[in-house]
Amino acid sequence: MTTDGKNDPIPPHQTFDTILVLDFGSQYTHLITRRLRELNVYSEMLPCTQKLADLSWKPKGIILSGGPYSVYSDDAPHVDPAVFDAGVPILGICYGLQELAWHFGKNVLAGEKREYGHADLKIARHGDGEAGGLVDKLFSGVEEDMNVWMSHGDKLSHLPEDWTTIATTSNAPFAGIAHTKKPYYGIQFHPEVTHTKNGTAVLKNFAVDICQARTDWTMGKFVDQEIERIRKLVGPKGQVIGAVSGGVDSTVAAKLMKEAIGDRFHAVLVDNGVLRLNEAKQVKETLTQGLGIKLTVIDASERFLGRLKGVTDDPEKKRKIIGNTFIEVFQETAKKIAEDAQGSDKAGEIEWLLQGTLYPDVIESISFKGPSATIKTHHNVGGLLEGMHLKLIEPLRELFKDEVRELGTNLGIPEDLVWRHPFPGPGIAIRILGEVTPEQVRIAREADFIFIEEIKAAGLYRKISQAFAALMPVKAVGVMGDKRVHDQVIALRAVETTDFMTADWYPFEFEFLKRVSRRIVNEVNGVCRVVYDITSKPPGTIEME
């Protein structure tokens, strides 16, 4: 059984060899963690201000991410000095390289020429000597010339003492550096982005060959560990109530909980009035008949819509209202289920609430500079009641979306469910820009149904990561049936992404968009225009609110 000797469940970083990624605020930092996970090496990301003494575990290696700062500025962030005394290998990427150089010699300055985009990297080998064997490890097996992705303005003025050059570009003579006595490395380019050729190989050299991290992070092993962890956490009689929506995250979380504690898990679907068309009925059939999960359906649509009345231009307020109301309903339902179970030998009091929180939810809801830099509040991370008496259990909290899908497949969940597009907890409410009313919900639902139906009919559903129709808070003039109308505007959005932290809009053929537009205008009363959103993330987010 996976415990720490105190009968407490052990988190993944105390079971799997872990590479610690310290984040300096780069838009690419999460990709470092993802690339390592793809190599079957477990990795966790923490703010660059993390004190190593506060960790209950020791990483196998540490990666310092890129960031938008200059290390020589008075307000520049710096890592805990204990990082350099931890006795583990260190890799600095972009700002991380400059942080290494600053720590060992304060020799970083503003470059005369910025370097953004592709660059040709030349690797410098140092032979078979003792120092050469150490410094050459980062680029072992990598061809001499690499096309890499740069994103920096500052650069090194000269090498610190006991460091040597291992790579150069025409604009960066110290594009790669290595300590001659310790396994410390710095690279000015970003190996984590797909634009860098052989970038994954560089990360593998660091994590597997230099840090000697085991490549045993798999969803099969995670399932075994997490089931044991859940059983230990909940106890032999504890009960768990869980939010389900029919999406892949909540479905996988529910199935995992079912495997761990059986009928002591009570899945709850709250019809909040802003679900997709026929959603409640479909989810009930899928979970009860298809996966054997005990499910209670609560119709709270009037309560939700009543509280959203009058909220027109504050997305955060919408999310808070919906998140808080969700928890209220869960607490009421948990109390009723517990009362109904009185006298039963099956279980004890319900004290746990299951949520399908994912790692990107956590990353987007925190920043090392504090809540002020938060992109948006996720309903299952920052939208909970302060006085909530249910304790959270989040078995997917350390996972990215692709890992959740792999986990779902391992758990035997049907393919159409595993690959279902994400649906936000606040539902269609954050796809209706402006006040959420029953009529606005109808329009958004019907338009969304047509859009997804056409995507599936065209065989594009698996190629697209997320798609939906949003209702704009404006009206436009149109001509329908020889009459002038003043009706609403639907915005279609479809994106491609692997991690939901960055995304590109999907390039539909014009004939497809013409067909969808024609159907929506003809079949959805109250709509006279359809537009397509071609904004990537960043600068936009995937959802409208």
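Author: The part to start with is an open sheet of 5 strands, in the order 12-11-10-13-14, with parallel pairing. Strands here are DSSP runs of E with at least two residues, helices are runs of H or I with at least four, and both are numbered from the N terminus. Two strands count as paired if DSSP finds at least two bridges between them. The model is predicted: local features need pLDDT of at least 70, side-chain atom pairs count only at pLDDT 80 or more, and totals for chains, interfaces and linings use all residues. Residues are numbered from 1 along each chain as its sequence is written, and side-chain values use heavy atoms, with hydrogens and water left out.

The edges of this sheet are strand 12 (295-299) and strand 14 (391-393), each of which pairs on one side only. From one strand to the next the twist averages 30°; axes are lines fitted to C-alpha atoms, for helices over the stretch in contact, and angles run from 0 to 180 degrees between N-to-C directions.

Contact means heavy atoms within 4.5 Å.

Helix 5 (residues 219-234) also meets helix 11 (residues 401-410): their axes come within 9 Å and cross at roughly 75°. That angle makes the two helices roughly perpendicular, given that under 35 degrees counts as roughly parallel, over 145 as roughly antiparallel, 65 to 115 as roughly perpendicular and the rest as oblique. The residues that meet are M219, G220, F222 and V223 from helix 5 and E403, E406, L407 and N410 from helix 11. By class, this contact has 4 nonpolar, 2 polar and 2 charged residues. Ala, Val, Leu, Ile, Met, Phe, Trp, Tyr, Cys and Pro count as nonpolar, Asp, Glu, Lys and Arg as charged, and the others, Gly among them, as polar.

Next is helix 6 (residues 248-261). At 1.5 Å a residue its 14 residues should span 20 Å, and its end C-alpha atoms are 20 Å apart, which agrees; the expected span is 1.5 Å times one less than the number of residues. Helix 6 is mostly covered, with 12 of its 14 residues buried. Buried means under 20% relative accessible area, exposed over 50%, and partly exposed in between (1.4 Å probe, protein chains only). Among the buried residues are D249 and K255. The helix is followed by G262, which has a positive phi near 65°.

Another strand to look at is strand 16 (residues 483-496). Strand 15 (residues 466-480) runs antiparallel to strand 16 and is joined to it by 12 bridges; G478 has V485 as its bridge partner. Strand 18 (residues 527-532) pairs with strand 16 in the parallel sense over 5 bridges, and there I490 stands opposite V530. Strand 17 (residues 504-505) is antiparallel to strand 16, with 2 bridges, and W505 stands opposite V495.
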